[in-house]
Amino acid sequence: MNDIDEKTMHSLRKAFASADKTRSGFVDIKDIEGMFNNMGTAFDIDDLNATIKRVDIDDDGKINFDKFVIIASNFLQDDDDETITNELREAFRLYDKEGNGYITTLTLREILKELDNKLSDADLDVIIDEIDEDGKGKVDFEGFRELMI
């Protein structure tokens, strides 16, 4: 657990706490897939199930936070800046269907809402206003990248 940075550890704690509704200190292993999806962690379901099976040695269907970290550490990626930029460029290209070099703030609003459905319209307005400084309703790749990182 020492090789996980504090930001990632915070995300893991947050994900675990949100799944531990009863505050028992345990989560059901059936909830791990959803936890990973909410965190945006890439995983293969077969690999995840095999890892869970290795870690859940008492086979009670529940894991504590330490076991969750062990499982998650198998799927955390140390992406370098170039890899992240390439992935974001590909995502941007998918939304920039006409190839204009920008996406509309309306499209960006939809993306952000999809990424975090807890964002209120007021939250989205603040984010959009911050990223669309000139008020033209368009966001180029650099603005998109900055926001997503």
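Start by selecting Thr-85, which sits in helix α5; helices here are DSSP runs of H or I with at least four residues, strands are runs of E with at least two, and both are numbered from the N terminus. You are looking at a predicted model, in which local features need pLDDT of at least 70, side-chain atom pairs count only at pLDDT 80 or more, and totals for chains, interfaces and linings use all residues. Residues are numbered from 1 along each chain as its sequence is written, and side-chain values use heavy atoms, with hydrogens and water left out.

**Stop 1: around Thr-85**

Is Thr-85 buried or exposed? With a relative accessibility of 14%, Thr-85 counts as buried; buried means under 20% relative accessible area, exposed over 50%, and partly exposed in between, using a 1.4 Å probe and protein chains only. Contact means heavy atoms within 4.5 Å.

**Stop 2: helix α2**

Move on to α2, residues 32–39, and pick out Ile-32, Met-35 and Phe-36, which are buried. Turn the view until you look down the axis of α2: the buried residues fall within an arc of 95°, so they line one face of the helix. That arc is taken from the directions between the helix axis and the C-beta atoms. What covers these buried residues? The cover includes α1 (6–19), β1 (26–28), α3 (45–55), β2 (62–64) and α4 (65–73).

Stay with Phe-36 in α2 for a moment. Phe-36 counts as buried because its relative accessibility is 0%. Apart from neighbours within four places in sequence, Phe-36 is in contact with Thr-41, Phe-43, Leu-48, Phe-68, Ile-71, Ala-72 and Phe-75. If you like, draw a distance from Phe-36 to Ser-73: these residues are 37 apart along the chain, and their C-alpha atoms are separated by 11 Å. Then step to Gly-40, which follows α2 and has a positive phi, near 75°.

**Stop 3**

Next, select Leu-12, Ile-32, Phe-36, Phe-68 and Ile-71, which touch the most other members of the largest nonpolar core, a set of 20 residues. A nonpolar core is a set of buried Ala, Val, Leu, Ile, Met, Phe, Trp, Tyr and Cys residues joined through side-chain atoms within 4.5 Å. At least two residues of this core come from each of α1, α2, α3 and α4. Another core lies apart from the largest one; it has 13 residues, among them Leu-88, Leu-112, Leu-124 and Phe-144.

**Stop 4: the pockets**

Rolling a probe the size of a water molecule over the atoms shows where empty space is left. The largest pocket has a volume of about 2300 Å³. On a 1 Å grid over the protein atoms alone, a pocket is an open set of points where a 1.4 Å probe fits, with protein on both sides within 12 Å along at least five of seven lines, and lining residues have an atom within 4 Å of a point. Grid points are joined across faces, edges and corners, and the volume is the space filled by probe spheres set on the points.

Two or more lining residues come from each of α1, α2, α5, α6 (105–115) and α8 (141–148), and α1 gives the most, with nine.

For the second largest pocket, about 250 Å³ in volume, select Glu-130, Ile-131, Asp-132, Glu-133 and Gly-143, which lie nearest its centre among 14 lining residues. The largest share of this lining, four residues, comes from α8.

**Stop 5: out in the loops**

Most residues other than glycine have a negative phi, and most peptide bonds are trans. Select Arg-23, in the loop between α1 and β1: its phi is positive, near 60°. Arg-23 is exposed, with a relative accessible area of 59%. Asp-59, in the loop between α3 and β2, has a positive phi of about 55° and is exposed at 66%.

Finish at Glu-98, in the loop between α5 (81–95) and β3 (102–104). Glu-98 is exposed, with a relative accessible area of 63%. Its C-alpha atom is separated by 47 Å from that of Val-55, 43 residues away along the chain.
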